[in-house]
Amino acid sequence: MPLDIRDLKRRGLLSPGSSIISSWSKGGHIYGTIKVTVYNGIVVLQYRYRKTEDVKQTIRFTWTPCHFGGKRIWFVCPFCSRRCAVIYNNYGKYFACRVCGNLAYQTQNESYMDRLLTKANKLRRKIEADPGAINPLPIFKPKHMHYSTWMRIRTHIQLLEGKGLDIAASMFGFNI
Ligand SMILES: [Zn+2]
(Lines give C-alpha, C1' and ligand atoms only; values in the text may rest on other atoms or scores of the structure.)
Protein backbone atom coordinates (compact mmCIF):
# COMPACT_ATOMS: atom_id res chain seq x y z
CA MET A 1 0.00 0.00 0.00
CA PRO A 2 1.53 3.32 -1.02
CA LEU A 3 1.80 6.42 1.09
CA ASP A 4 2.77 9.53 -0.86
CA ILE A 5 4.25 12.41 1.09
CA ARG A 6 3.43 14.87 -1.70
CA ASP A 7 -0.20 13.93 -1.25
CA LEU A 8 0.01 14.64 2.48
CA LYS A 9 1.65 17.96 1.70
CA ARG A 10 -0.97 18.89 -0.88
CA ARG A 11 -3.65 18.24 1.66
CA GLY A 12 -1.88 20.54 4.11
CA LEU A 13 -1.27 17.78 6.64
CA LEU A 14 2.40 18.22 7.35
CA SER A 15 2.36 20.78 10.08
CA PRO A 16 3.54 19.42 13.43
CA GLY A 17 0.69 18.20 15.57
CA SER A 18 -1.68 17.35 12.76
CA SER A 19 -3.10 13.88 12.66
CA ILE A 20 -5.24 12.19 10.05
CA ILE A 21 -6.85 8.86 9.32
CA SER A 22 -6.34 7.89 5.71
CA SER A 23 -7.75 4.89 3.87
CA TRP A 24 -6.93 2.97 0.72
CA SER A 25 -9.50 1.75 -1.71
CA LYS A 26 -9.52 0.23 -5.14
CA GLY A 27 -12.54 -0.49 -7.30
CA GLY A 28 -14.84 0.29 -4.41
CA HIS A 29 -13.00 -1.93 -1.91
CA ILE A 30 -11.54 -0.28 1.14
CA TYR A 31 -8.40 -2.19 2.08
CA GLY A 32 -7.68 -0.46 5.27
CA THR A 33 -6.88 2.63 7.17
CA ILE A 34 -3.84 4.21 8.67
CA LYS A 35 -3.36 6.95 11.19
CA VAL A 36 -0.66 9.48 10.36
CA THR A 37 0.55 11.86 13.05
CA VAL A 38 3.04 14.56 12.16
CA TYR A 39 5.76 15.80 14.49
CA ASN A 40 8.76 17.97 13.77
CA GLY A 41 10.54 16.17 10.90
CA ILE A 42 8.86 12.83 11.48
CA VAL A 43 5.58 11.12 10.86
CA VAL A 44 4.26 8.34 13.05
CA LEU A 45 2.21 5.71 11.23
CA GLN A 46 -0.20 3.50 13.10
CA TYR A 47 -1.97 0.59 11.48
CA ARG A 48 -2.91 -3.01 11.95
CA TYR A 49 -0.74 -5.79 10.60
CA ARG A 50 -2.35 -9.11 9.63
CA LYS A 51 -5.56 -8.22 11.42
CA THR A 52 -4.07 -8.69 14.87
CA GLU A 53 -0.94 -6.71 15.53
CA ASP A 54 -0.98 -2.96 16.03
CA VAL A 55 2.10 -1.46 14.44
CA LYS A 56 3.59 1.93 15.10
CA GLN A 57 6.33 3.09 12.76
CA THR A 58 8.25 6.34 12.74
CA ILE A 59 9.48 7.74 9.41
CA ARG A 60 11.66 10.80 8.96
CA PHE A 61 11.00 13.36 6.27
CA THR A 62 13.26 15.98 4.78
CA TRP A 63 13.31 18.82 2.23
CA THR A 64 15.60 19.52 -0.71
CA PRO A 65 15.76 22.82 -2.61
CA CYS A 66 14.31 22.92 -6.14
CA HIS A 67 16.14 24.47 -9.11
CA PHE A 68 13.61 27.22 -9.48
CA GLY A 69 13.09 28.01 -5.85
CA GLY A 70 10.85 26.36 -3.33
CA LYS A 71 11.65 23.01 -1.82
CA ARG A 72 10.67 19.44 -2.36
CA ILE A 73 9.63 17.09 0.38
CA TRP A 74 10.74 13.47 0.80
CA PHE A 75 10.35 10.56 3.12
CA VAL A 76 13.63 9.07 4.29
CA CYS A 77 13.43 5.28 3.87
CA PRO A 78 13.92 3.78 7.34
CA PHE A 79 15.93 0.88 5.90
CA CYS A 80 18.30 2.40 3.33
CA SER A 81 18.00 6.12 4.19
CA ARG A 82 17.33 7.00 0.55
CA ARG A 83 14.96 9.87 -0.14
CA CYS A 84 11.68 8.81 -1.68
CA ALA A 85 8.32 10.47 -2.30
CA VAL A 86 6.36 7.27 -1.80
CA ILE A 87 6.79 4.51 0.75
CA TYR A 88 5.06 1.15 0.58
CA ASN A 89 3.81 -1.37 3.03
CA ASN A 90 4.39 -4.40 0.87
CA TYR A 91 3.08 -7.60 2.31
CA GLY A 92 5.09 -6.86 5.35
CA LYS A 93 4.96 -5.17 8.62
CA TYR A 94 6.77 -1.95 7.79
CA PHE A 95 6.73 0.82 5.26
CA ALA A 96 9.84 1.22 3.11
CA CYS A 97 10.98 2.65 -0.22
CA ARG A 98 10.15 0.84 -3.44
CA VAL A 99 13.48 -0.97 -3.52
CA CYS A 100 13.48 -2.14 0.09
CA GLY A 101 9.81 -3.11 -0.15
CA ASN A 102 10.45 -5.50 -3.03
CA LEU A 103 7.53 -4.10 -4.94
CA ALA A 104 7.52 -6.69 -7.70
CA TYR A 105 6.06 -9.18 -5.28
CA GLN A 106 3.20 -6.91 -4.44
CA THR A 107 2.38 -6.15 -8.05
CA GLN A 108 2.13 -9.85 -8.76
CA ASN A 109 -0.31 -10.41 -5.94
CA GLU A 110 -2.20 -7.27 -6.72
CA SER A 111 -2.78 -8.32 -10.31
CA TYR A 112 -3.97 -11.76 -9.19
CA MET A 113 -6.39 -10.08 -6.80
CA ASP A 114 -7.53 -7.74 -9.58
CA ARG A 115 -8.21 -10.68 -11.87
CA LEU A 116 -10.35 -12.36 -9.22
CA LEU A 117 -12.37 -9.23 -8.54
CA THR A 118 -12.76 -8.38 -12.23
CA LYS A 119 -14.06 -11.87 -12.90
CA ALA A 120 -16.45 -11.51 -9.96
CA ASN A 121 -17.71 -8.21 -11.39
CA LYS A 122 -18.42 -9.84 -14.74
CA LEU A 123 -20.52 -12.47 -12.99
CA ARG A 124 -22.20 -9.76 -10.95
CA ARG A 125 -23.39 -8.13 -14.18
CA LYS A 126 -24.97 -11.43 -15.22
CA ILE A 127 -27.16 -11.51 -12.15
CA GLU A 128 -27.81 -7.75 -12.20
CA ALA A 129 -25.78 -7.04 -9.08
CA ASP A 130 -23.84 -3.84 -8.51
CA PRO A 131 -20.09 -4.30 -9.05
CA GLY A 132 -17.73 -4.42 -6.09
CA ALA A 133 -17.46 -6.94 -3.26
CA ILE A 134 -18.63 -4.27 -0.88
CA ASN A 135 -22.13 -4.41 -2.39
CA PRO A 136 -24.44 -7.19 -1.22
CA LEU A 137 -25.70 -9.66 -3.79
CA PRO A 138 -29.38 -9.28 -4.72
CA ILE A 139 -31.82 -11.56 -2.96
CA PHE A 140 -33.99 -12.04 -6.05
CA LYS A 141 -32.88 -13.74 -9.24
CA PRO A 142 -33.27 -12.11 -12.65
CA LYS A 143 -36.57 -13.18 -14.24
CA HIS A 144 -35.08 -14.98 -17.23
CA MET A 145 -32.58 -17.05 -15.23
CA HIS A 146 -32.93 -20.57 -13.89
CA TYR A 147 -32.73 -20.82 -10.13
CA SER A 148 -29.86 -23.33 -10.27
CA THR A 149 -27.85 -21.09 -12.62
CA TRP A 150 -28.43 -18.13 -10.34
CA MET A 151 -27.28 -20.06 -7.27
CA ARG A 152 -24.20 -21.33 -9.07
CA ILE A 153 -23.18 -17.81 -10.15
CA ARG A 154 -23.78 -16.43 -6.67
CA THR A 155 -21.59 -19.10 -5.12
CA HIS A 156 -18.89 -18.48 -7.70
CA ILE A 157 -18.92 -14.74 -6.99
CA GLN A 158 -18.64 -15.33 -3.26
CA LEU A 159 -15.71 -17.66 -3.81
CA LEU A 160 -13.83 -15.21 -6.06
CA GLU A 161 -14.45 -12.24 -3.81
CA GLY A 162 -13.59 -14.17 -0.67
CA LYS A 163 -10.26 -15.14 -2.20
CA GLY A 164 -9.63 -11.62 -3.52
CA LEU A 165 -10.30 -9.97 -0.20
CA ASP A 166 -8.19 -12.56 1.61
CA ILE A 167 -5.26 -11.59 -0.57
CA ALA A 168 -5.90 -7.93 0.13
CA ALA A 169 -6.01 -8.64 3.85
CA SER A 170 -2.81 -10.67 3.87
CA MET A 171 -1.01 -8.13 1.70
CA PHE A 172 -2.01 -5.14 3.67
CA GLY A 173 -2.69 -6.62 7.04
CA PHE A 174 -5.95 -4.87 7.52
CA ASN A 175 -9.39 -5.84 8.64
CA ILE A 176 -11.81 -5.87 5.74
ZN1 LIG B 1 14.86 1.81 1.16
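Some ground rules come before the details. Residues are numbered from 1 along each chain, as its sequence is written. Because the model is predicted, local features need pLDDT of at least 70 and side-chain atom pairs count only at pLDDT 80 or more, while totals for chains, interfaces and linings use all residues.

Helices (H or I, at least four residues) and strands (E, at least two) are DSSP runs, numbered from the N terminus. Two strands pair if DSSP finds at least two bridges between them.

Let's begin with the hairpins. Strand β5, residues 53-65, pairs with β6, residues 71-76, in the antiparallel sense over 6 bridges. There are 5 residues between them, and Gly-69 in the turn has a positive phi of about 90°. Now look at Val-76 in β6: Val-76 is the bridge partner of Arg-60, and Val-76 is also partnered with Arg-83 in β7. Strands β6 and β7 form a hairpin too, with 6 residues between them.

Next, the open sheet. Its 3 strands come in the order β1-β8-β9, with antiparallel pairing. The edge strands, β1 and β9, each pair on one side only.

Finally, Leu-117, which sits in helix α2, residues 103-126. The C-alpha atoms of Leu-117 and Leu-165 are separated by 8.6 Å, although the two residues are 48 residues apart along the chain.
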